[in-house]
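The model is a predicted one.

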Amino acid sequence: MTTPSDPANGLPSPSSQTGALSHLRVLDLSRVLAGPWCTQNLADMGADVIKIEKPGEGDDTRRWGPPYLCGDDGPTSQASYFAACNRNKRSVTVDIATPEGQALIRELAAQSDVLIENYKTGGLKRYGLDYDTLSALNPRLVYCSITGFGQTGPYAARPGYDLLVQAMSGLMSITGQADGEPGAGPVRVGVAVIDVFTGMYATTAILGALEARHHTGRGQRIDIALLDVAMAVLANQGTGYLNAGTVPTRQGNTHPSVVPYQDFPTRDGDMLLAIGNDGQFARFCEVADVDWARDPRYAANSSRVANRQTLIPMMSDITRKKTTREWIGLLEAASVPCGPINNIAQAFADEQVQYRGLRVEQFRYASSAEASNDASADPVNRICTTASPLRLSDTPTTLRYAPPALGQHTDEVLRDTLHLGAEQIAELRAKGVL
């Protein structure tokens, strides 16, 4: 379970357990979503993640609003997007375009286990922060590069964004209403899923490289591309094309291989049925008081897929006779997978979501005095995020830092990790390096 915050001081409650990755340091040179999603996973599991940001600007998503974080006096100029993927990290501002900034990054990399970056292919080489340079300083370093199209190939130099890759990979071609239906046409997924999936694949690859390091004693380079990930997560749709030669098309909320597996109208709205096997369909028929489970056109899933054009209208006629709540009560009692189609507010209000503690609240500063003394102080202190879904029994995820203010931990990291004195830090700040 996630360690809860102590409302008395805004700090995580004491825990006798340490995170699974609390022995690791991660140097995070990534921005926006894919890289930060990866490093937040590592940070939630205890890794010390040092997020490097450009002085005065920071991660692009700090300005990707609305919506904005709220302070005591209402909305601020700080976008809430940043908070989605930067919990449990320490923010350090360094201008890597300066020789002094490059030297600081090299020193930090020499003391880190993992470095993750999402600059354009070859973009860090001119700063002396590429894999070859840093691995020579620290042979144990796991160096993960995230790009749109990978380190090789004809598109390697192109910038890549989630929406572009959703389009190029074919994902948008199978998302949206079917041709001929109202509103038909390619549609992006409502969350930047390729970025999120890329962050998850990067997390897995990093953990694999760290495990390999136990045996080899050396780190390695990881090349993660949004396009590669997008093609991989086409899953059954991709393998269906590769093996059967059939190009999938959009079909709204229906499933190409499972019926009934879609939304249905009710007396007061809609519900979702996810009937994945013949037994569940038979139990639905029993609840609905129909004999379709004994009809050879519908008894088996393959037959239902072939005859969906007649089955779905009949089911819709029946589901309209009761409210969503009534259907859910009846079908859940019969172990038939179903549920409401919630908006996000309704989802967070759901009793299961609340029981699992999926809304977490953190405080950026332990006290108002700390906030007022911080050079990057701002009106935002209380920040809510969605809890990590990683539930480890012996080494649970923890809450240590709220999504940080820009440069909030610069002095702390330079002092404690690189052992710079106050005068050295002040000089670097005066030169614009920090």
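Y161 sits in the loop that runs between β7 (142-147) and α4 (162-168). With a relative accessible area of 55%, Y161 is exposed, because the cut-off for that class is over 50%. Y161 also belongs to a nonpolar surface patch, together with Y155, L164 and M168. The accessible area of these four residues together is about 390 Å².

## Helix packing

Helix α1 covers residues 34-44 and helix α5 covers residues 193-216. The two pack with their axes 7 Å apart, at an angle of about 50°. The crossing of α1 and α5 is right-handed.

## Salt bridges

The model has a count of 21 salt bridges.

| Pair | N to O distance |
|---|---|
| K89 and D28 | 3.5 Å |
| R87 and D44 | 2.7 Å |
| E361 and R359 | 3.6 Å |

The side chains of K89 and D28 meet in a salt bridge. K89 is in strand β5 (residues 89-93) and D28 is in strand β1 (residues 25-29), so this pair ties together parts that are 61 residues apart in sequence. Are K89 and D28 buried or exposed? Both are buried.

R87 forms a salt bridge with D44. This pair, too, links distant parts of the chain: R87 lies in the loop between β4 (74-79) and β5, D44 lies in helix α1, and the two are 43 residues apart. R87 has a relative accessible area of 2% and is buried. D44 is likewise counted as buried, at 2% relative accessibility. Both assignments follow because buried means under 20% relative accessible area.

E361 is partly exposed, with a relative accessible area of 25%, whereas R359 is exposed, at 52%. Salt bridges with shared partners also join R25, D48, R90 and E412 into one network.

Note on methods:
Residues are numbered from 1 along each chain as its sequence is written. This is a predicted model: local features need pLDDT of at least 70, side-chain atom pairs count only at pLDDT 80 or more; totals for chains, interfaces and linings use all residues. Side-chain values use heavy atoms; hydrogens and water are left out. Patches are made of residues with over 30% relative accessible area and no salt bridge: like charges are joined within 9 Å, nonpolar side chains (Val, Leu, Ile, Met, Phe, Trp, Tyr) within 5 Å. Accessible areas come from the Shrake-Rupley method with a 1.4 Å probe; for residues, only the protein chains shown count as cover. Helices (H or I, at least four residues) and strands (E, at least two) are DSSP runs, numbered from the N terminus. Buried means under 20% relative accessible area, exposed over 50%, partly exposed in between (1.4 Å probe, protein chains only). Axes are lines fitted to C-alpha atoms, for helices over the stretch in contact, and angles run from 0 to 180 degrees between N-to-C directions. A crossing is left-handed if the near helix is turned anticlockwise from the far one by less than a right angle, and right-handed if clockwise.
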